[in-house]
Amino acid sequence: IEFDRDGEVIDYRMIAQNTSMNCGGGATWWNTYLSCEEERNGHVWEVDPTGQSPQRRTLLGGQSGGVFESAAFDDRNKEYPKFYVTEDHKAGALRRFSPERFM
């Protein structure tokens, strides 16, 4: 969704393809977007809003997946960032992912 300076929607387009029931997500500091599938065995996808790079499934949801609501990151230490995803159900977890190596 693209907004003008007054907060009015001026354009929108779908950037995630071949995914199901996408809910929330979150931006990354390198200007891509994490999109969360809110369905059983769903995944967290990284998409490039400019369309220059193909989307890819991230490791944030693990191999088994989940019912994901949203994603965020903590980049105060850019060499060791932490990523978080939430699950959308009563006993839903807040998952933290810390990559061993980054970029």
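How many aromatic pairs does the count come to? The count comes to four aromatic pairs, where rings of Phe, Tyr and Trp (its six-membered ring) pair if their centres lie within 6.5 Å, and planes under 30 degrees apart count as stacked, over 60 as edge-to-face and the rest as tilted.

This is a predicted model in which local features need pLDDT of at least 70, side-chain atom pairs count only at pLDDT 80 or more, and totals for chains, interfaces and linings use all residues. Residues are numbered from 1 along each chain as its sequence is written, and side-chain values use heavy atoms, with hydrogens and water left out.

**View 1. The pair of Trp 29 and Trp 30 is edge-to-face.** The two centres are 4.8 Å apart, with 80° between the planes. Trp 29, at 22% relative accessibility, is partly exposed, and Trp 30, at 25%, is partly exposed as well (buried means under 20% relative accessible area, exposed over 50%, partly exposed in between, with a 1.4 Å probe and protein chains only).

**View 2. The pair of Trp 29 and Phe 73 is tilted.** Their ring centres lie 5.0 Å apart and their planes meet at 55°. Because Trp 29 lies in the loop between strand E3 (22–27) and E4 while Phe 73 lies in strand E7, the pair ties together parts that are 44 residues apart in sequence; strands (E, at least two residues) are DSSP runs, numbered from the N terminus. Phe 73 is partly exposed at 27% relative accessibility.

**View 3. One aromatic cluster is formed by Trp 29, Trp 30, Phe 73 and Phe 83.** Phe 83 also belongs to the largest nonpolar core, which has eight residues, including Leu 34 and Phe 68 (such a core is a set of buried Ala, Val, Leu, Ile, Met, Phe, Trp, Tyr and Cys residues joined through side-chain atoms within 4.5 Å).

Notes: Helices (H or I, at least four residues) and strands (E, at least two) are DSSP runs, numbered from the N terminus.
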